[in-house]
Amino acid sequence: MPGYEVLQYHHTYLRRRTDRPTLRSPDGDIGVVDGNLLGYLRAEPALALVAYSPLLGGGYVREDKPLDAALDHPGTARRLAAVREVAKEMGASVNQVVLAWLIGGDIPMIPLVGASSVAQLEESLAAVDLELTAEQRAGLDAAY
């Protein structure tokens with residue numbers, strides 16, 4: 001029988017803590033990408049990851065929307081600073097850099113984005129043409 005070709009999990013540039021209990025599971029956050037899943041995807045290149053909610057419902061750009069409590073750890077501030085710096089140097093939006101980071105990595109990823117306006121959709125689509133340099137990607141990956 002044919003195996004799976006696509007896995008769908010919550011994934012974005014910011015890393016979530018998966019060890020805290022949630023409403024759905026007292027054993028920790030489920031349905032989000034962690035290091036184990038990323039390692040598995042690297043070992044199985046025929047699998048692609050559909051990353052849902054990669055823009056955190058506006059969390060990267062909306063100051064009136066606080067980030068989820070699972071993102072409340074020291075690594076978040078460092079990763080936000082790194083992605084903002086790359087966006088500034090590229091003349092792109094933070095959302096575009098997040099999507100370009102997901103699309104252009106060594107694991108096949110398909111970001112599943114939502115948009116509430118044509119402008120948001122156009123912004124997200126423009127990320128397809130945004131290519132991060134090896135140095136930019138390494139800097140983003142190294143920020144913890």
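A residue is called buried here when its relative accessible area is under 20%, exposed when it is over 50%, and partly exposed in between, using a 1.4 Å probe and protein chains only. With 9% relative accessibility, Val-33 therefore counts as buried. Before we go on, please keep in mind that this is a predicted model, in which local features need pLDDT of at least 70 and side-chain atom pairs count only at pLDDT 80 or more, while totals for chains, interfaces and linings use all residues. Residues are numbered from 1 along each chain as its sequence is written, and side-chain values use heavy atoms, with hydrogens and water left out.

Let us stay with Val-33 for a moment. Val-33 sits in the loop between strand 1 and helix 1; helices (H or I, at least four residues) and strands (E, at least two) are DSSP runs, numbered from the N terminus. If we set aside neighbours within four places in sequence, Val-33 is in contact (heavy atoms within 4.5 Å) with Tyr-9, His-10, His-11, Leu-38 and Leu-49. Its C-alpha atom is separated by 8.7 Å from that of Ala-51, a residue 18 places apart from Val-33 along the chain.

His-11 lies in the loop between strand 1 (6–10) and helix 1 (35–43). Is His-11 buried or exposed? His-11 counts as buried, because its relative accessibility is 4%. Again leaving aside neighbours within four places in sequence, the contacts of His-11 include Val-33, Leu-38, Leu-49, Ala-51, Tyr-52, Ser-53 and Pro-54. Trp-101, Leu-102 and Met-109 are also among the contacts of His-11.

Ser-53 leads us to the next loop, the one between strand 2 (48–52) and helix 2. Although Ser-53 is not a glycine, it has a positive phi of about 55°. Leu-56 lies in the loop between strand 2 and helix 2 too, and Leu-56 likewise has a positive phi of about 55° without being a glycine. What about their accessibility? Ser-53 is partly exposed, with a relative accessible area of 29%, whereas Leu-56, at 10%, counts as buried.

Now for helix 3. Of its 10 residues, 9 are buried, so helix 3 is largely enclosed by the rest of the structure. The buried residues are Val-94, Asn-95, Gln-96, Val-97, Val-98, Leu-99, Ala-100, Trp-101 and Leu-102. They pack against helix 2, strand 3 (109–112), helix 4 (118–126) and helix 5.

The axes of helix 2 and helix 3 come within 8 Å and cross at roughly 100°; axes are lines fitted to C-alpha atoms, for helices over the stretch in contact, and angles run from 0 to 180 degrees between N-to-C directions. Helix 2 is therefore roughly perpendicular to helix 3, a label for angles of 65 to 115 degrees, with those under 35 counted as roughly parallel, those over 145 as roughly antiparallel and the rest as oblique. Arg-79, Val-83, Arg-84, Val-86 and Ala-87 in helix 2 meet Val-94, Val-97, Val-98 and Trp-101 in helix 3.

Helix 5 (residues 134–142) is another partner: it packs with helix 3 (residues 94–103) at an angle of about 95°, and the axes are 11 Å apart. This pair, too, is roughly perpendicular. Here Val-97, Ala-100 and Trp-101 of helix 3 meet Arg-137, Leu-140 and Asp-141 of helix 5. Within helix 5 itself, the buried residues are Gln-136, Arg-137 and Leu-140. Seen down the axis, they fall within an arc of 95°, so they line one face of the helix; the arc is that of the directions from the helix axis to the C-beta atoms. On the other side, Ala-134, Glu-135 and Ala-142 are exposed. The cover over the buried residues of helix 5 includes helix 2 and helix 3.

Finally, we come to the core. In soluble globular proteins, nonpolar side chains tend to be buried together. A nonpolar core is a set of buried Ala, Val, Leu, Ile, Met, Phe, Trp, Tyr and Cys residues joined through side-chain atoms within 4.5 Å. The largest one in this model has 33 residues, among which Tyr-13, Tyr-60, Val-97, Val-98 and Leu-140 touch the most other members. Helix 1, helix 2 (74–90) and helix 3 are the elements that give two or more residues to this core, and helix 3 provides the largest share, 7 residues. Not counting residues up to four places away in sequence, Val-98 touches Thr-12, Tyr-13, Pro-54, Leu-55, Tyr-60 and Val-83.
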